[in-house]
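Here are my notes on the model, point by point. Please keep the structure open while you read.

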Amino acid sequence: MSGIDGKVIIITGASSGIGEAAALLLARRGARVVLGARRLDRLEALAGRISQAGGDCAFAVTDVTRRADVAALVNLARERHGRLDVLINNAGLGLISGFDERRVEDWEAMIDVNLKGVLYGIAEALPLFRAQGFGHFINTLSTAGLRIVPRQGVYAATKNAVRTLTEALRQEAGDKLRVTNISPGFVRTEFADAMTDPTQKAAVLEKMERIAISPEAIARAMAFAIEQPPEVDVGDIVVRPTAQD
Ligand code: NDP
């Protein structure tokens with residue numbers, strides 16, 4: 001199956017930002033989307049918008065740090081549609097700060113969501129992909145992992161851990177599965193809201209206001225990877241503002 005129409009696509013972190021934009025765009029293009037995030041009210045509102053526009057949408061409250069939640073999300077797709085074409089591991093946290101701040105709980109949260117959350121997604125979807133004989137992992141990484149800068153070390157490390165493990169996954173996957181990493185630069189989302197270091201939060205908000213691009217730009221990159229013929233595996237896509245240094 002190529003294209004987007006009819007594909008069953010799970011998106012984690014779908015309640016805002018890039019995940020929300022991807023849900024809207026992919027549903028508009030005929031995908032049957034299955035959405036996960038922690039905020040039920042946001043998922044309900046988004047599902048309502050998609051359904052009103054004639055799209056097919058299911059959702060489940062999902063905390064990707066809980067393996068059982070991720071398993072339930074994959075099961076929801078399987079039970080509702082009998083298949084899963086794409087898992088978009090998009091949920092993520094960027095709690096940036098310098099090492100001297102010793103915000104160890106933030107480091108742990110980023111490891112839990114950005115790394116372990118993706119691993120749970122792989123663990124739960126891979127057996128289904130193998131049984132079907134097709135499947136596509138898409139991971140939202142970051143340009144933070146490509147140009148390493150101060151105060152983004154732990155965040156970049158979690159994203160680059162996924163970059164590393166997915167190269168092995170790609171090689172193990174054989175000729176039936178696809179693995180795509182998308183690295184956004186500055187994107188206008190709610191990304192800064194969770195930050196605990198007020199100085200870094202203010203700096204990110206200021207820069208976001210100045211140079212960030214729309215989350216639809218990342219959604220379009222996801223759509224590009226998904227719509228390729230089954231034998232075409234788009235490996236890495238970097239999408240950043242022209243104004244980003
Ligand atoms: P948002 O904060 O708008 O979206 C983050 C999403 O992740 C939300 O839907 C949030 O939903 C979800 N999320 C957070 N923690 C969990 C969790 N434990 N379980 C399930 N879902 C969770 O930011 P973005 O859209 O920008 O972020 C999306 C991805 O893009 C992230 O992986 C981020 O690292 C990456 N990225 C963003 C960039 C940017 O400039 N905005 C740049 C580079 C990469 P909820 O709170 O409802 O659970």
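1. Which side chain has an N or O atom 2.9 Å from a nitrogen atom of the ligand? It is the side chain of Asp 63. Bear in mind that this is a predicted model.

2. A backbone N or O atom of Ile 18 lies 2.8 Å from a ligand oxygen atom. At Asn 90, a polar backbone atom is 2.9 Å from an oxygen atom of the ligand. The ligand has 880 Å² of accessible area on its own, and the protein covers 95% of that.

3. Next, the site as a whole. The ligand sits in the largest pocket. Around the ligand there are 29 residues. The closest are Ser 15, Arg 38, Arg 39, Tyr 155 and Thr 189.

4. What is the make-up of the shell around the ligand, by nonpolar, polar and charged residues? The shell divides into 12 nonpolar, 12 polar and five charged residues.

5. Now the backbone angles. Most residues other than glycine have a negative phi. Arg 102 has a positive phi, near 50°, and is not a glycine. Arg 102 belongs to the loop between β4 (86-89) and α4 (104-132). Is Arg 102 buried or exposed? Its relative accessibility is 65%, so Arg 102 counts as exposed.

6. Arg 151 is another non-glycine residue with a positive phi, in this case about 75°. Look for Arg 151 in the loop between β5 (135-140) and α5. Arg 151 has a relative accessible area of 43%, so it is classed as partly exposed.

7. Val 64 lies between β3 (56-61) and α3 (67-81), in the loop that links them. Val 64 counts as buried because its relative accessible area is 9%, and the cut-off for buried is under 20%.

8. One distance to check on screen: how far apart are the C-alpha atoms of Val 64 and Arg 42? They are separated by 16 Å. Along the chain, Val 64 and Arg 42 are 22 residues apart.

Notes:
Residues are numbered from 1 along each chain as its sequence is written. This is a predicted model: local features need pLDDT of at least 70, side-chain atom pairs count only at pLDDT 80 or more; totals for chains, interfaces and linings use all residues. Side-chain values use heavy atoms; hydrogens and water are left out. A residue is near a molecule or strand if one of its heavy atoms lies within 4 Å of it. A polar contact is a pair of N or O atoms within 3.5 Å; within protein, one must be able to donate a hydrogen and the other to accept it, and residues adjacent in sequence count only if both atoms are side-chain atoms. Accessible areas come from the Shrake-Rupley method with a 1.4 Å probe; for residues, only the protein chains shown count as cover. On a 1 Å grid over the protein atoms alone, a cavity is a set of points where a 1.4 Å probe fits but cannot get out, and a pocket is an open set with protein on both sides within 12 Å along at least five of seven lines; lining residues have an atom within 4 Å of a point. A molecule sits in a cavity or pocket if more than half of its atoms lie within 2 Å of its grid points. Ala, Val, Leu, Ile, Met, Phe, Trp, Tyr, Cys and Pro count as nonpolar, Asp, Glu, Lys and Arg as charged, and the others, Gly among them, as polar. Helices (H or I, at least four residues) and strands (E, at least two) are DSSP runs, numbered from the N terminus. Buried means under 20% relative accessible area, exposed over 50%, partly exposed in between (1.4 Å probe, protein chains only).
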